[in-house]
Amino acid sequence: MATQKVNTNKDIHPMENLLRMDRMPHIWCPTCGIGLAVTAFTAALEKANIDPNMVSIVSGIGCTGRVAGYVKVDSFHTTHGRPIAFATGIKVANPKMKVVVFSGDGDLIAIGGNHFIHAARRNIDMLVVCVNNFIYAMTGGQVAPTTPLAAYATTSPYGCVEPPFNIPYLADSSGAVYVARYTALHIRRLTNALTEALNKKGFSVVEVISPCGMYYSRINRLGDGLEMMKFYHDNVEIKHGEDTKNLEIGFQSKIICGKFVDRERPSYMERYNQWLSEVRASAKNPEGKKGA
Amino acid sequence: MKADQKSVLTGVYYIDGDVAAGYGALAAGCKFVAGYPITPSTEAFEAVCHRGPKVGTVFIQMEDELGSISAILGAVWSGVKTMTITSGPGYSLMQEAIGFGAMLETPFVLLNIQRGGPSTGVPTKTGQADMMQSRWGSHGDYEVIAIAPDSPQEMFDYTIKAFNLAEKYRCPVMIMSDECVGHMTEKVVIPDADKIYVEPRRFYTGPAADYRPYKPDPDLVPKMAKAGEGLNLYITGIVHDENGYPVSDEKYKSIYVKRLVDKIRLNKNEIIELKEEGTDGADVIVVSYGISSRVAVKGVEMARQKGVKVGTLRLVTVWPFPDDRINELAKKTKAFVVPEINYGQVVYDVARCAHGHASVVLVPHGGAGVHNPDDVADAIEFAVKQEKPLEGVHEFKTRLEKSVFEGGFKLKE
C-alpha cells in the first residue's frame with residue numbers, strides 16, 4: 001500500500017517524498033535525460049500504488065548507475081555490470097521486495113549482458129529500466145554496444161564499425177514478459193509503461209532513449225538538448241506490438257517506440273515455490289528415502 | 001545464540017570435506033547459497049542443493065561466478081546469511097566483488113577449495129597457491145579473515161566459525177581449504193543444535209531517523225540493516241561517510257578505509273586461532289596450515305626420532321596473520337620450517353615476523369600433490385644445523401624438484 005502521496009505543497013518539489021533532497025544537486029549534466037527517466041519512475045511508483053518501503057533500487061556503474069543514490073527507497077549502487085545479479089539475491093532471499101534495476105546500456109547490455117539474458121530466461125520478478133544514451137558517458141564518450149553503426153565516439157573516431165544490440169529484441173528473445181521503449185521526451189507514455197511494468201510479475205524491461213548532450217550529441221554534431229528532443233519529436237514512431245526484430249536503431253534513423261511485449265509466463269518465484277512444495281511432499285525426494 | 005535444530009543434521013557421518021562444509025553452512029543458519037559448478041568444490045554446492053530445500057535454505061545456480069558472488073551480496077542485504085563456493089578460476093573472477101563486499105561491510109562466507117593453478121592449472125588436484133590472493137586479490141585496502149581447515153570435521157566446525165566471524169566483524173570470511181581436504185572422506189560428528197553457537201546478525205534496533213549505516217560501534221563494526229524496513233538505505237561501493245553517502249576527499253578516505261582495515265587488525269587477538277604443540281623450547285618450529293599440516297605431522301615425527309626438538313604451529317586462521325606470536329617464537333627458536341603447496345606465499349609473512357632472529361626455510365611444492373614427509377624431516381634437520389640464522393627465505397630443494405629439475409632451473413651464462 002502506498003504510504004506516501006505526491007506532494008501538492010507548491011514550495012517543495014512534488015517528488016520530494018521519493019527523492020533524497022539532501023543529495024541534490026545531482027551529478028547529471030544539463031540536457032541529460034536520466035533525470036526525466038527518474039521523474040517518470042517516481043511518478044510511476046506513486047501511480048502503481050506500491051509501498052516504497054518494500055522497493056529496492058539497484059544500479060550498476062555509470063551515469064545511470066547514480067540513480068540509486070537519488071531515489072529515497074532502499075538503494076544499492078553495485079559493481080559494474082552486476083546489478084541484475086545483486087538484485088536477484090535481494091529478490092530470492094526476500095520475495096516480498098519489489099526490485100528495480102535502474103542502470104545504463106553499457107552496464108546492463110555490455111559488461112552485464114550475461115546477467116541480463118539469464119535473468120530474463122529465469123523470469124526473475126524485477127523491473128529493469130535501461131537508460132540508453134548510445135555511449136559510455138561517465139568515462140567521457142566511448143563507443144558502446146548500443147552505439148549506432150557509423151556514429152562517432154572517442155573510441156570510434158572514424159565511426160562505429162560494430163552493429164548495435166537491439167535491446168527490446170534481446171529482452172524479448174531471452175524471455176522477458178514485458179518490453180517497452182520510449183524516449184526521454186515521452187514522459188507520459190514512459191510513466192504509464194513503468195507503472196504497468198511495476199505491477200507485472202516476472203522480468204520486465206523498459207528502455208529509455210536518452211539524449212547525452214555532453215558526449216554523444218556533441219561528438220556527432222547533433223545539437224543541444226532541445227534539438228535532441230525535437231529530433232525525438234519528429235522521428236519517433238509509436239507502434240505498439242511491433243515485432244521486436246524491427247527495432248534496431250540506426251544513426252539518426254527513425255526510432256520505433258511503444259509496448260512490444262506483454263505476455264504471461266510463470267515467474268521464477270512462482271516456479272520455485274511450486275517446485276519447493278512438490279519436492280518437500282514427493283517420495284522421490286532422495287532425502288525422504290533415507291528418512292533424514 | 002543456539003543453532004536451529006531444523007538445519008542441523010545431527011549424527012555421525014562418513015563424508016568428504018566439501019559435503020561437511022555444506023552441512024556446516026546449513027547448521028550456521030546460511031539461508032541463501034549461489035554458486036557455479038567448478039572442480040573440486042562442486043560437491044559442497046551439491047550438498048547444499050540436496051539438503052537445502054529441506055531446511056529452508058534457498059540456492060540458485062548462477063550464470064557465472066561474478067553472478068554468484070553478486071547474488072549472495074544482494075541476499076545479505078535482504079537480511080539472510082549467505083555463502084558462495086568456488087575454486088581457482090572462479091575465485092579469480094570473484095575478486096572484484098570481494099572488495100565490494102568488504103567495502104559495503106557485508107558479512108559473507110566464501111568457500112574456496114583450492115586447486116592447482118595458475119589458470120586452469122590442474123583442476124582435479126590440490127594446491128595452496130591462492131593464499132595471497134585471498135588477502136590482496138581485490139583492488140584497494142581492505143582486510144579479510146581466512147581460515148584453513150585440515151579435515152572434514154574441521155570443514156564442518158570452521159564453516160560455522162566462518163559464519164560467526166563474518167557476522168561479528170562484517171567482513172568477507174574465506175575458508176581457504178584445498179582439494180585434498182575437500183575430497184578427503186573421514187568421520188564427521190555433527191552435534192545437537194544446542195551445542196552449536198551461532199552468532200546473530202548485529203541488526204540496528206533504534207529509531208529509523210537516527211540510523212547511520214556506517215556509524216561504528218566501539219569495536220569499530222557498524223550495526224547492520226536490511227532492505228524493506230523503511231530505513232531508505234543507500235549502500236554504495238564508493239567511499240562513503242557514516243550515512244553511506246559518497247565522499248571523495250582524502251579526509252573521509254583515510255577515516256573510512258582505515259576503519260575497514262583496523263576493525264580486523266585491532267581485533268586480531270580475538271580472531272586469530274592457532275594450534276601449537278611442543279613450541280616451548282623447540283629448536284625448530286614447523287609452521288603450516290590446511291592439508292600441509294596433516295602431512296607435516298609425519299615429517300615432524302621422523303625428525304623427533306632423530307633427536308631434533310621440533311614444535312608445530314598450525315595456522316587455523318591464516319589471515320589476519322599472528323605477527324606477535326611468530327615474532328615472540330622467533331626469539332626463542334633457531335628456525336621455522338614452512339611447508340606449503342606453492343612457491344612461497346605465507347612463508348614471506350613468517351620471515352617478516354621472524355625479523356632475522358631465526359632461519360626461515362620454505363619447503364615448496366608446485367601442487368597436484370602433497371609434500372613428501374621425508375622432505376619436511378630433511379628440511380627440519382637442515383634448519384637445525386645452521387650456526388646462525390639464514391638470510392631471507394631459504395628455499396629447500398625437495399626430492400621431487402631434485403628428480404625433475406636436477407637441482408633447479410638455472411639461467412644460461
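What follows is a dialogue on helix packing and domains in this predicted model.

Student: What should I know about the numbering and the confidence limits?

Tutor: Residues are numbered from 1 along each chain as its sequence is written, and chains are lettered from A and ligands numbered from 1 in the order written. This is a predicted model: local features need pLDDT of at least 70, side-chain atom pairs count only at pLDDT 80 or more, and totals for chains, interfaces and linings use all residues.

Student: What makes chain B as compact as a globular protein of its length?

Tutor: Start with its content: 15 helices and 17 strands. Helices are DSSP runs of H or I with at least four residues, strands runs of E with at least two, numbered from the N terminus. The radius of gyration is taken over C-alpha atoms, and the globule rule is 2.2 Å times the number of residues to the power 0.38. For 413 residues the rule gives 22 Å, and chain B has 22 Å, so chain B is as compact as a globular protein of that length.

Student: Why are α11(B) and α14(B) called oblique?

Tutor: Their axes come within 7 Å and cross at roughly 50°. Axes are lines fitted to C-alpha atoms, for helices over the stretch in contact, with angles from 0 to 180 degrees between N-to-C directions. Under 35 degrees counts as roughly parallel, over 145 as roughly antiparallel, 65 to 115 as roughly perpendicular, and the rest as oblique. The two helices are therefore oblique to each other.

Student: What is the make-up of the contact of α11(B) with α14(B)?

Tutor: Among the residues that meet are B:Val295 and B:Met302 in α11(B), and B:Val376 and B:Ile380 in α14(B). Contact needs C-beta atoms, placed from the backbone, within 7 Å. The residues divide into eight nonpolar, one polar and two charged. Ala, Val, Leu, Ile, Met, Phe, Trp, Tyr, Cys and Pro count as nonpolar, Asp, Glu, Lys and Arg as charged, and the others, Gly among them, as polar.

Student: Where do the domains of chain B lie?

Tutor: Domain 1 covers 5-195 and domain 2 covers 273-405. Their C-alpha centres lie 27 Å apart.

Definitions and conventions
Domain bounds come from an automatic or database domain assignment. Two residues are in contact if their C-beta atoms, placed from the backbone, lie within 7 Å.
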